[in-house]
Amino acid sequence: QLQLVESGGGLVQPGGSLRLSCAAFGFTLDGYAIGWFRQAPGKEREVVSCISSDGSRTHYSESVTGRFAISRDNAKNTVPLQMNSLEPEDTAVYYCAAGPDYYCAGYVGFWEPTRVDTWGQGTQVTVSS
């Protein structure tokens, strides 16, 4: 069974950091672009970052640029999302998804959540004092 599992969420104070992980089970992540998405309470799911299959291209939404960093660890078959300078507005359930490279070719907004067929459980991030 092909599955992506998100982990690493938690409760953090404003200005703090968290490192999320997207792990693949049943398949290898190399060869796929990976996108990180989030859904805040009462809001639509949105893409926040993506990385191409070879790691040469990364894109970020305007709201997280300069604070989040996406990378790949093909040896561990994971895609981490380092989140720094967290703000209360970052509170959401975070999800990852795999897709073809052209989803992450131009700008992050091209990878609309509607392009994802199956979602995992996600990991909750809460930024609060």
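Visitor: How are the bonded cysteines of the chain paired, numbering them in sequence order?

Guide: The pairing is 1-3, 2-4. Keep in mind that this is a predicted model. A disulfide is a covalent bond between the sulfur atoms of two cysteines. A search of the whole structure finds 2 disulfides.

Visitor: Which parts does the disulfide of Cys 22 and Cys 96 tie together?

Guide: Start with the sulfur atoms. Those of Cys 22 and Cys 96 are 2.1 Å apart. Next, place each cysteine in its element. Cys 22 sits in strand E3 (residues 18–25) and Cys 96 in strand E9 (residues 92–99), so the link joins parts 74 residues apart in sequence.

Visitor: What is the handedness of the link between Cys 22 and Cys 96?

Guide: Read the angle about the S-S bond. Here it is 75°, and the link is right-handed. Cys 22 and Cys 96 are both buried.

Visitor: Which residue forms a disulfide with Cys 50?

Guide: Cys 104 does, and their sulfur atoms are 2.1 Å apart. Cys 50 lies in strand E5 (residues 46–51), while Cys 104 lies in the loop between E9 and strand E10 (123–127), so this pair ties parts that are 54 residues apart in sequence. The torsion about the S-S bond is about 85°, so the disulfide of Cys 50 and Cys 104 is right-handed too.

Visitor: Is Cys 50 buried or exposed?

Guide: Under 20% counts as buried. Cys 50 has 0%, so it counts as buried. Cys 104 is also buried.

Visitor: What is Cys 50 in contact with, leaving aside neighbours within four places in sequence?

Guide: The list includes Ile 34, Gly 35, His 59, Ile 70, Cys 104 and Trp 111. Take Gly 35 as a case. Gly 35 and Cys 50 are 15 residues apart along the chain, yet their C-alpha atoms are separated by 4.1 Å.

Visitor: How many residues are in the largest nonpolar core?

Guide: It has 25 residues. To read a core, look for the residues with the most contacts inside it. In this core they are Trp 36, Val 79, Leu 81, Met 83 and Tyr 94. Then ask which elements contribute. Those giving two or more residues are E3, strand E4 (33–39), E5, E7, strand E8 (78–83), E9 and E10. E3 gives the most, with 4 residues. Apart from this core lies another, of 10 residues, among them Phe 37, Val 47, Ala 97 and Tyr 103.

Visitor: What is Leu 81 in contact with, beyond its neighbours within four places in sequence?

Guide: Its contacts include Leu 18, Leu 20, Trp 36, Phe 68, Ile 70 and Tyr 94. Arg 19 and Ser 49 are also on the list.

Visitor: Is Arg 38 buried or exposed?

Guide: Arg 38 is buried, with a relative accessible area of 6%. Find this residue in strand E4. The side chain of Arg 38 makes a polar contact of 2.8 Å with the side chain of Glu 46. Another polar contact, of 3.0 Å, joins the side chains of Arg 38 and Tyr 94.

Visitor: Where does Glu 62 lie?

Guide: Glu 62 lies in the loop between strand E6 (58–60) and strand E7 (68–70). This residue is exposed, with a relative accessible area of 77%. Compare sequence with space. Glu 62 and Val 108 are 46 residues apart in sequence and 9.4 Å apart in space, C-alpha to C-alpha.

Visitor: What is the volume of the largest pocket?

Guide: About 370 Å³. Now read the lining. It holds 14 residues, of which Leu 2, Gln 3, Leu 4, Phe 27 and Thr 118 lie nearest the centre. Strand E1 (3–7) and E9 each supply at least two residues of the lining. The largest share, 3 residues, comes from E9.

Visitor: What is the phi of Asn 77?

Guide: It is positive, about 60°, although Asn 77 is not a glycine. Asn 77 is in the loop between E7 and E8. Its relative accessible area is 15%, so Asn 77 is buried. Ser 85 also has a positive phi, about 50°, and is not a glycine. Ser 85 is in the loop between E8 and E9. With a relative accessible area of 40%, Ser 85 is partly exposed.

Conventions. Residues numbered from 1 in each chain as written. Predicted model: local features only at pLDDT ≥ 70, side-chain atom pairs only at ≥ 80, totals over all residues. Heavy atoms only, no water. Disulfide = S-S within 2.5 Å. Buried < 20%, exposed > 50% of the residue type's maximum accessible area, 1.4 Å probe, protein only. Core = buried A, V, L, I, M, F, W, Y, C linked by side-chain atoms within 4.5 Å. Contact = heavy atoms within 4.5 Å. Polar contact = N/O pair within 3.5 Å; in protein donor to acceptor, adjacent residues only side chain to side chain. 1 Å grid on protein atoms, 1.4 Å probe; cavity = no way out; pocket = protein on both sides within 12 Å on 5 of 7 lines; lining within 4 Å. Points joined across faces, edges and corners; volume = space filled by probe spheres on them.
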